[in-house]
Amino acid sequence: MLVSLNWLKNYVDIDGISPEVLAEKITKTGIEVDGIEYIAEKSSNVVVGYVESCEKHPNADKLNLCQVDVGDEENLQIICGAPNVAQGQKVAVAKPGAVLPGNFKIKKVKLRGVESNGMICSLQELGIDEKYVPKDVAEGIFVFPNDVIVGESVEPLLNLNDAVLEFDLTPNRADCLSMLGVAYEVAAILNQPVKLPDESLETSEDSVRNHVEVEVEDPELNPYYGAFLIKNIEVKPAPLWMRNYLMAAGIRPINNVVDITNYVLLEYGQPLHAFDYDRLNSNKIVVRQAKNGEKIITLDEVERSLTEENLVITNGQDPIALAGVMGGANSEVTDQTTNVLLEAAFFNPSSIRRTVKQTGLRSEASTRYEKGIDPNRVKRAGIRAAQLLHQYAGGSVLDEVVEFDALDRDEKVVSMDADEINKRLGTEITNEEMGKILNRLGFNFDQNKSDFTIYVPTRRGDITIFEDMLEEVARIYGYDNLPFTLPQGTSQAGGLSDEQRLKREVKGFLQGTGLMETTTYSLTNEKLIRTLVSPEVKEMEPQPVELAMPMSEDHKYLRLSILPELLQSVAYNRARNQSDVAYYEIGSVFLTKEKELTTQPNEQLRLAGALTGKWLEHPWQQEVKPVDFYVIKGIVEGLFDQLQMPVDFDQAIIPDMHPGRCATISMDGEVIGFLGQLHPTLEKEMSLKETYVFDINMEAVIGAYSNVPNYSQIPKYPSISRDVAFIMDDNVKAGDVKEIIESTGTPLVKQVQIFDLYKGDNLPEGKKSVAYNLLYQDPEKTLKDDEVEESFQKIIQTVNDIFDAYVRF
Amino acid sequence: MKEELQLLEKEAIEKIEQATDMKELQSIKVAYLGKKGSLTSVLRGMGKLSKEERPVIGELANKVRETITNAIEQKNEGLEQAVLEEKLQKEAIDVTLPGRPVPTGGPHLLTKIVEEIEDLFIGMGFEVREGPEVETDYFNFEALNLPKDHPARDMQDTFYITNELLLRTHTSPVQARTMKAYDDSKSVKMICPGKVYRRDTDDATHSHQFTQIEGLFVDKDVKMSDLKGILDTFAKKLFGEDRQIRLRPSFFPFTEPSVEMDISCKVCNGDGCSVCKGSGWIEILGAGMVHPNVLSMAGYDPKVYSGFAFGMGPERIAMLKYGIKDIRQFYTNDVRFLKQFHNA
Ligand SMILES: [Zn+2]
């Protein structure tokens with residue numbers, strides 16, 4: 001809503017308050033003012049001039065030589081190029097020395113040998129936004145109506161000194177979609193009375209009843225329809241002041257009939273529609289639901305196919321308007337119109353909203369109907385428009401109004417206990433002050449001590465319950481005046497849950513190892529949705545959750561894995577020459593088996609990582625460590641070690657992963673994720689270089705987590721260390737051998753570490769040597785050599801039996 | 001003999017002083033004090049001395065031995081020191097060469113902001129709750145006083161999956177979920193961070209996915225001045241002790257009254273500048289007193305219980321704090337962006 005302050009002054013006294021101060025007060029008390037716009041930059045020395053004569057320039061065909069009376073002793077000779085300049089016009093003249101917007105200085109000049117002492121101006125040159133300039137003067141100079149006085153400054157005449165406040169209205173404050181509503185709001189803020197417009201009406205003897213019948217089929221959808229008839233009007237431009245206000249409010253003036261309906265729409269917030277009575281081809285107005293497939297050509301010259309959802313105004317036969325949204329072309333007011341049927345109606349907001357949604361047509365009228373209008377202003381707005389048509393279109397208004405009326409105009413009654421208000425706000429507002437606030441708001445009330453009964457004006461449809469009154473009192477009293485307190489009573493210890501703490505711990509660990517946290521999108525595209533889904537997730541055959549109306553193909557499905565979008569981020573960096581990346585992310589994936597979703601999917605928290613490029617680089621010491629399988633395995637092992645959760649890694653074949661460099665991660669025999677190198681084909685597809693990833697079900701981790709560490713006593717007795725290297729077939733897994741050593745050596749073997757891997761010269765083809773360090777310890781006593789030796793030999797024997805591996809000496 | 005001994009001592013001391021390494025010193029030691037050394041051979045001639053002379057010379061000989069031994073030891077220490085010094089000199093390195101880098105990671109900027117806010121409210125006795133990102137129409141809208149036909153639903157463009165399921169447009173459903181999860185005699189004091197989604201085209205100021213933090217406090221006799229007090233405490237801790245707050249009217253279907261909280265602009269201290277668009281104030285969050293319909297739908301009697309709720313956007317806070325101009329930067333994960341905030 002654009003609020004012209006010059007217009008507003010007609011209803012409430014705002015003299016002496018600058019637009020900036022007023023905007024600040026309104027913002028703090030009621031409605032956010034988004035901006036202040038001045039109609040035109042300051043200009044000076046521009047006055048009304050009378051074109052006494054207008055002849056062709058002797059040396060230029062397209063220029064005119066005008067003698068203009070500007071109220072000074074001598075006429076000004078001005079050369080004007082506008083096509084519409086003519087003798088007898090009253091025009092805006094920038095005299096020599098004048099300054100126009102854009103700091104454009106007017107000087108005496110010679111054009112083609114003839115002197116020109118000033119400039120005749122268009123509205124654009126005076127600073128008015130092109131898009132609001134009426135079409136008839138858009139291509140040339142502006143021509144005043146005859147009643148303006150020569151020599152008068154044009155600034156007030158053209159409302160150039162106006163400031164316009166741009167209101168950012170919240171949906172509840174539809175009352176401020178009208179100048180009167182704004183006036184009540186400003187009056188409450190400034191503690192001023194509201195001056196209402198003149199609503200008197202002079203009518204002729206003849207009654208509308210003799211010419212029009214009104215029929216409404218469904219009072220639910222259209223509780224009030226009023227038809228006024230104004231005869232013998234003359235279609236011409238509206239008065240200058242009205243056109244000025246419309247332009248300030250962002251509406252382009254058209255002609256007096258259209259302008260008057262728009263003016264009253266803005267003044268009262270009541271949409272009105274003017275039909276050309278003679279084009280109705282009937283004397284009947286019937287409001288009904290459209291038939292399916294029924295057609296109407298609306299004012300914007302679009303043919304629209306209707307459904308039963310749409311409410312239409314008809315002449316008893318055919319639609320002549322889409323109710324509350326837009327008129328029909330067949331009954332439109334034209335330059336030839338002489339008799340106008342004026343509609344003032346109340347339509348059901350939901351019905352209008354449905355039509356707007358369906359047709360995509362949104363107008364000043366429909367916006368107000370959708371948000372709800374004041375039932376007590378419907379007829380008054382009609383009267384006001386009829387009066388203006390009489391005054392500015394020369395029409396005679398027929399007596400009475402033909403109406404269908406089932407409209408509820410009762411004020412809502414809300415009770416308000418002042419003590420309760422104070423209790424809820426933390427204030428000590430007296431009953432007397434409370435009454436004063438209600439007076440400022442213009443609300444009638446009965447009072448019995450702290451008991452208030454409020455009769456809420458119908459213009460404030462948003463106020464229905466006590467809490468609404470709480471807000472009214474609070475904002476007028478001023479939020480600045482509320483004290484600062486801290487809650488009393490119940491105190492509880494806040495904090496993080498175990499799960500949230502664990503999440504932070506995991507993040508801390510990963511960051512400590514050198515990983516950066518990312519945030520990627522949860523929505524991904526069709527191509528990536530099934531990429532790199534962890535095997536245990538895939539096993540449950542999840543169906544991707546698809547949006548009904550995605551905004552783009554890139555973000556259409558809820559992810560089944562964090563990895564695809566995470567890898568997109570890695571690729572994004574690579575494309576920008578950032579080739580060393582170590583990322584992780586914790587977030588939800590969305591799992592369901594349903595093809596058509598009927599219940600919420602399982603949102604499983606997962607932890608994923610992606611690493612590529614150099615892991616470590618220390619060039620001058622010739623140390624460069626690229627990311628490899630064992631780097632990410634080390635990170636994952638470290639994490640589970642830190643959390644004291646044993647996990648197993650098993651070689652696995654997983655689609656989109658390198659078949660020889662990929663392992664599942666299991667906990668207690670259940671797969672909870674995987675890690676490894678991406679398949680080179682996928683790497684290529686995603687524009688990646690060698691990249692390693694991991695993906696872990698965080699919920700399994702959370703489930704297994706205990707924040708009480710598994711503590712064991714520090715051993716008192718010395719340990720014994722033994723090394724052994726086995727020569728084994730290349731395809732024997734070092735880890736499998738380690739497991740056998742551990743299980744065979746238990747309970748004396750406390751720890752087994754692999755410390756060497758050798759292939760080559762001294763070994764037969766297809767063999768490798770893996771060296772293990774075994775740590776023996778007995779918590780109860782000092783170990784004896786023969787105990788250790790016995791165990792050691794047993795291990796060598798078992799490994800030999802199982803893996804055909806023998807000791808390398 | 002006495003002269004002989006004195007000469008020997010003088011000669012030995014001279015040689016010791018001139019010795020340049022430990023090998024030479026060792027041979028001096030052998031030459032004078034060894035079994036076949038000079039001192040020993042001098043002493044062998046003791047038998048020829050008289051009874052009176054013998055102890056005198058003996059004493060002198062011991063003295064000479066002691067002097068030479070001390071001198072050798074002293075010289076030895078000096079030489080050892082010199083050797084060590086020389087060795088250390090040779091070991092000197094260029095300390096200006098760069099050290100071996102350790103891998104450095106860090107949290108995402110949004111996590112930092114969220115955790116900072118979490119910790120602030122935890123300190124004020126709040127717990128942290130989470131809720132699903134795929135929500136029901138009921139919890140996302142209806143339980144928050146936004147029935148199906150409510151015009152305010154237009155304020156938010158929603159990603160629907162089906163008629164009843166959608167991506168949550170705000171973290172507010174967690175309010176209703178938390179209250180429903182509690183029995184109705186318990187006070188609620190929680191904040192809820194999380195991802196939310198709106199049907200927007202991504203550009204510098206819009207993102208189809210972003211973050212919100214919701215707060216809710218419900219108890220008997222919660223006052224609007226309590227909301228003002230809590231928000232003031234929060235704003236001062238997050239943005240600095242010298243910041244002022246102000247509340248101004250707004251509208252949210254699930255609160256009544258509804259307000260927006262501004263903080264005084266840090267750049268201009270309230271005088272007006274380009275950051276605050278001349279107003280001196282910067283909008284930080286939306287808040288209000290919980291609407292009675294929301295309370296009663298969640299099983300709390302609005303005649304007995306009252307409360308306040310607030311919600312804010314960590315992206316917006318981060319953008320204000322660090323002057324980030326494009327919201328998409330939170331989601332493209334450019335290393336050069338992420339790195340900058342690891343120690344912010
Ligand atoms: Zn500022």
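Predicted model: local features only at pLDDT ≥ 70, side-chain atom pairs only at ≥ 80, totals over all residues.
On the H11(A) side, the contact is made by Glu433(A), Met434(A), Ile437(A), Leu438(A), Arg440(A) and Leu441(A). H12(A) contributes Met469(A), Glu472(A), Val473(A), Arg475(A), Ile476(A) and Tyr477(A). Sorted by class, the contact of H11(A) with H12(A) has eight nonpolar residues, four charged residues and no polar ones.

Which residues of H11(A) are buried? They are Met434(A), Gly435(A), Ile437(A), Leu438(A) and Leu441(A). Because these residues cover an arc of only 160° around the axis, they sit on the same side of H11(A). The face of H11(A) turned away from its buried side carries the exposed residues Glu432(A), Lys436(A) and Asn439(A).

The buried residues of H11(A) have several packing partners in chain A: helix H4 (179-190), strand S26 (412-417), helix H10 (418-425), strand S27 (444-448), strand S28 (451-456) and H12. After H11(A) comes Gly442(A), which has a positive phi, near 75°.

S1(A) pairs with strand S12 (residues 163-168) of chain A over three bridges, in the antiparallel sense. One residue pair you can look up is Leu2(A) and its bridge partner in S12(A), Glu166(A). As a general rule, strands of a sheet pair through backbone hydrogen bonds, either parallel or antiparallel.

**Two hairpins in a row**

Further along chain A, strand S21 takes part in two hairpins. Strand S20 (residues 311-314) and strand S21 (residues 319-322) of chain A pair in the antiparallel sense over three bridges, and Ile313(A) stands opposite Ala321(A). S21(A) also pairs in the antiparallel sense with strand S22 (residues 326-327) of chain A, over two bridges. In this second pairing, Leu322(A) stands opposite Met326(A). The table sets out the two hairpins.

| Hairpin | Residues between the strands | Glycine with positive phi |
|---|---|---|
| S20(A) and S21(A) | four residues | Gly316(A), near 100° |
| S21(A) and S22(A) | three residues | Gly324(A), about 75° |

**A buried phenylalanine in chain B**

Now switch to chain B, where Phe121(B) lies in helix H5 (residues 109-122). Is Phe121(B) buried or exposed? Its relative accessible area is 0%, so Phe121(B) is buried. Leaving out residues up to four places away in sequence, Phe121(B) touches Phe126(B), Ile191(B), Ile230(B), Phe234(B), Phe310(B) and Met312(B). Phe121(B) and Ile230(B) are 109 residues apart in sequence, with their C-alpha atoms 9.2 Å apart in space.

**Backbone angles to notice**

Here is the background: most residues other than glycine have a negative phi, and most peptide bonds are trans. Asn232(A) is not a glycine, yet its phi is positive, about 60°. Asn232(A) lies in the loop between strand S15 (224-231) and helix H5 (240-248) of chain A, and it is exposed, with a relative accessible area of 55%. Ser687(A), also not a glycine, has a positive phi of about 55°. The loop between helix H17 (680-685) and strand S40 (691-697) of chain A holds Ser687(A), which counts as partly exposed at 48% relative accessibility.

Finally, where are the cis peptide bonds described here? One joins Thr746(A) and Pro747(A), with omega about 5°. Pro747(A) is found in the loop between helix H19 (734-745) and strand S42 (749-758) of chain A. Another joins Glu256(B) and Pro257(B), with omega about -5°, and Pro257(B) lies in strand S7 (residues 255-264) of chain B.

Notes: Residues numbered from 1 in each chain as written. Chains lettered and ligands numbered in written order. Heavy atoms only, no water. Contact = heavy atoms within 4.5 Å. Nonpolar A, V, L, I, M, F, W, Y, C, P; charged D, E, K, R; others polar. Buried < 20%, exposed > 50% of the residue type's maximum accessible area, 1.4 Å probe, protein only. Arc of directions from axis to C-beta. Pairing = 2+ DSSP bridges.
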